[in-house]
Amino acid sequence: MKLRFTAALLASAIAMPAQADVLVDNVTGITLDENGAVRRFEALVIDDDGKIAQLIEREQDRPRTDYLEDGEGKVMLPGMIDAHGHVMGVGFGALTLDLSDTNSLEEALDRIRAFAAENEARPWILGRGWNQEKWGLGRFPTAAELDSAVADRPVYLARVDGHAGWANSLAMRAANITASSKSPAGGRIEKLADGKTPSGIFVDAAEELMNAAVPAPRPNERDLAFAEAQKVLHSYGITAIADMGTTIEDWQAFRRAGDNGSLTLRIMSYAAGPDQMTLIAGATPSPWLYDDKLRMNGVKLYLDGALGSRGAWLKQPYADDPGNTGLPLTPPAALRNILVRAAQGNFQPAVHAIGDAANAEALNAISEIAESYDGDRRWRIEHVQIVDPADLPKLAQHGIIASMQPVHQTSDMFMAEARLGQDRLGGAYAWNSILQLGGRLAFGSDTPVESPDPFAGLAVAITRSNAAGEPFGGWRPTERVTREQALAGFTADAAYAGFAEGRFGRLLPGERADFILVDTDPLLATPEEIRATTVHETWVGGRKVYEAD
Ligand SMILES: [Zn+2]
C-alpha cells in the first residue's frame with residue numbers, strides 16, 4: 001500500500017507543469033462532435049489551463065508548443081464517463097481483503113494472517129468473498145479458526161454472496177455477542193455443537209449485529225479509500241463519474257482531495273437522500289469546484305429494490321414467487337415531496353427504479369411535477385431495467401434521462417426471465433427502443449456492483465451478449481445500440497446527464513483535455529477485441545493521471 005501511494009505521488013510530481021502547452025501528436029484520435037457525429041484527428045493541443053486548444057487533422061501543420069508527447073499511433077478517445085457508480089464503495093472494496101479466489105480454509109487463513117500483518121495500523125480487519133463450499137469444507141468455518149490467524153484485533157469477513165459473515169472472538173466481544181444472544185427475526189447466529197456458544201457465523205439479519213459494531217472509517221481511512229478509487233477508475237480509462245449516494249463524509253473526502261491537489265477524478269455528485277443533499281450543498285447545487293472536478297448536482301433516491309432479491313416493484317406478481325410484487329421503498333407522497341423539494345432548489349433528482357411498477361410510478365410522478373417545474377431539469381431515472389412497453393414513450397418526455405448499465409443486462413438476463421417470464425420482457429433493458437422513441441440514455445456500470453470496465457459495457461451495448469459470447473446473436477438483440485451510440489453513452493451523453501456538456505465528455509476546443517490512449521478502436525474492432533482493450537494512459541485536465549506498467 002505504502003509503495004503504491006509513493007508511486008502515485010511520484011507520478012503527479014513528474015506530470016506536466018501547470019503553465020505549459022502540450023502537443024500530443026501521432027494518435028488515432030476519435031471523438032463525437034456537438035451533433036453526435038464521429039470526428040477523427042491525428043493530434044491534439046492542450047493549452048495552459050488543461051483545456052483542448054485545437055484538434056489537428058491529417059496533413060495539417062503542427063503548432064510550436066512547450067511540450068511534445070508522442071502518442072505512438074495509439075487510439076485516443078475521450079475519457080470514459082461512468083454515469084452511475086459508487087466511488088467510495090470502489091475505494092473501500094480495493095482496501096478490503098478479498099478471499100474470493102481462495103480454494104481452502106488453510107489458504108484463506110494464510111491470506112488473512114498476511115493481510116493483518118501488512119495492515120498493522122488497521123483497528124479492524126475487514127474482508128469478503130469466502131465460500132466454504134468452494135473450500136470443500138462441508139461446514140461453516142468458526143471463530144476459533146479465525147482466531148488462529150488473527151487474535152490481536154477484531155476480524156469480520158463477509159461471505160461471497162453477502163448473506164453471511166464470519167467473525168473472530170474479539171469481533172464478537174466488540175458486538176457483545178454471548179451464549180445468551182438471540183437470533184433476530186430473519187437471521188441466525190450459528191451455534192457450536194453445544195447448541196449455545198456462538199460459532200462466529202452470522203446469517204442474514206444477524207449480520208446487522210456485527211455490522212453495527214464495526215467502527216465507521218476515520219477520515220484518513222476515507223482518504224486512503226478515495227485515493228484507491230481514483231487509481232482503480234483511472235486504470236479502466238474512467239476520468240469522470242456520477243457518484244450515486246454521496247454522504248457528507250464522502251463529500252468531505254472529495255473536498256480534502258480537492259484542497260490538497262490530489263483530486264484527479266471528476267465527480268458529479270448525487271446526495272444520499274434529501275437530508276444529505278441539504279447538509280452538503282445547502283439550498284442549491286454547489287458550483288463546479290476545482291476546475292470542473294466536483295459538483296453536487298442533485299439527489300439520489302430509491303423507489304424500489306433489485307430483481308435478484310425480488311425487491312423490485314412489479315405491476316404483476318413475480319413469475320417465480322406468486323403473490324409477491326415487491327414493494328415501493330418511497331411512498332407516493334414522499335416521492336413527490338422529494339422531487340418538488342429538489343426541483344425548487346434546481347437540484348437534479350436521480351430516482352432508482354428497476355421494476356415496471358417503479359418505473360411507471362417514477363414516470364408519472366415526474367410528469368406531474370414537471371408541469372409546475374418546467375425547463376431543463378434532466379430528471380434522471382437510474383437503472384430503468386424493466387419497463388412496461390406501454391410506458392416506454394413516457395421516457396421521451398420532459399427531458400428525462402434513462403441512466404442504464406449495459407453489463408446489468410448480461411448479468412441479469414436469465415434471472416429476469418425467471419422472475420418475469422418471457423411475456424413481460426418487452427421493455428427490459430430497452431436501450432434502442434428508448435432512443436428510437438426519442439429518449440436519452442447515459443451509460444454506466446454501477447461499480448462496485450459490477451466491474452467499472454467501460455469497454456465491457458461498450459461490448460455489451462452493441463451485442464447484448466456476455467464475455468462468453470452468450471447468448472449467440474444477443475439477448476433480445478433488437479435492443480442493441482450502434483457503436484457511436486454506445487460510445488456517446490459512456491462519454492458525451494453521460495456528461496450531459498450530469499450537466500457537464502461543454503466542460504468534458506468530448507475532445508473539442510474549449511473542453512477539458514480528458515482523454516485516454518488505448519490499443520483498440522471501438523468503432524472498428526470486434527466485440528471481443530473491445531472487451532480486451534488495454535488502457536495505456538489516462539489524462540485528466542491535460543495531466544497524465546495513469547500509465548500502464
Ligand atoms: Zn448503484
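Trainee: What spacing do the donors of the zinc ion follow along the chain?

Mentor: They follow H-x1-H-x359-D. This is a predicted model, where local features need pLDDT of at least 70, side-chain atom pairs count only at pLDDT 80 or more, and totals for chains, interfaces and linings use all residues. Residues are numbered from 1 along each chain as its sequence is written, and side-chain values use heavy atoms, with hydrogens and water left out.

Trainee: What makes His84, His86 and Asp446 donors of the zinc ion?

Mentor: Donors are N, O and S atoms within 2.8 Å of the metal (3.2 Å for Na, K and Ca); water is not among the atoms, so sites may look incomplete. His84 (NE2), His86 (NE2) and Asp446 (OD) lie 2.1 to 2.2 Å from the zinc ion, so they meet the 2.8 Å limit.

Trainee: Why are H12 and H14 called roughly perpendicular?

Mentor: Their angle is about 70°, with the axes 7 Å apart. Axes are lines fitted to C-alpha atoms, for helices over the stretch in contact, and angles run from 0 to 180 degrees between N-to-C directions. Angles under 35 degrees count as roughly parallel, over 145 as roughly antiparallel, 65 to 115 as roughly perpendicular and the rest as oblique. H12 and H14 are therefore roughly perpendicular.

Terms used: Helices (H or I, at least four residues) and strands (E, at least two) are DSSP runs, numbered from the N terminus.
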